[in-house]
Amino acid sequence: VSSTINMVAWFNVIFFETVNAGFPIYPSRLLPQNPLIKGWDPLKAAIEEAHENNIELHAWVWAFAVGNTRHNLLINKPLKYSGPIIEKLGRSVALTDISSKQRIENQPENWVSPANKKATDFLLDLYSEIVKNYDVDGIQYDYIRFPFQKPPTQVGFDFASKNAFL
């Protein structure tokens, strides 16, 4: 980004994808860095460049979607790999359907349950790590919802979600 481009395009904010499919793009103490970009810190570089040009940089993070089969293919992981967050915290944090499947048919993402305190506490730690270690101007939350669902497929049958209704 150059100041000339900024002056011509008239933009003042960049939403920089920082956590995708459960992988941070920066070296994290909580999770493995996205293997496609190991060896450097694109978040640090983007912040420096943005701020040099008077542009805000907001870290764009996937919230409850924490794994992706399409990403798995790119990093040589099996399609069934649920992502680094579920791998680290365990299957109990996964959002599941009535038959205990973690992924809805015809959708590439794996999700954590918003009702699971262990999952939400971990996400809070992950986002706090970004804010504490980087001079971001904000955080943009994506996938802060349930996955798309068509009857008869529905999610929220994991233990934490079911227990919340008892």
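Helices here are DSSP runs of H or I with at least four residues, strands are E runs of at least two, and both are numbered from the N terminus. Quick caveat: this is a predicted model, where local features need pLDDT of at least 70, side-chain atom pairs count only at pLDDT 80 or more, and totals for chains, interfaces and linings use all residues. Residues are numbered from 1 along each chain as its sequence is written, and side-chain values use heavy atoms, leaving out hydrogens and water.

Okay, back to α2, which covers residues 42-52. What sits at its N-terminal end? D41 caps it, with a side-chain oxygen 3.2 Å from the backbone nitrogen of L43.

Now, which residues of α2 are buried? They're P42, L43, A46, I47 and A50, where buried means under 20% relative accessible area with a 1.4 Å probe, counting protein chains only. They share one side of α2, because they cover an arc of only 130° around the axis, taken from the directions from the helix axis to the C-beta atoms. An α-helix has 3.6 residues a turn, so residues three or four places apart point the same way. And the cover over those buried residues includes β1 (13-20), β3 (56-62) and α5 (117-133).

Zooming out, the protein chain has 6 helices and 6 strands. Of its 166 residues, 46% count as buried. Take contacts, meaning heavy atoms within 4.5 Å: among those between residues at least 6 apart in sequence, 69% join residues at least 24 apart. The C-alpha trace spans about 55 × 30 × 30 Å along its principal axes.

Definitions and conventions:
Buried < 20%, exposed > 50% of the residue type's maximum accessible area, 1.4 Å probe, protein only. Polar contact = N/O pair within 3.5 Å; in protein donor to acceptor, adjacent residues only side chain to side chain.
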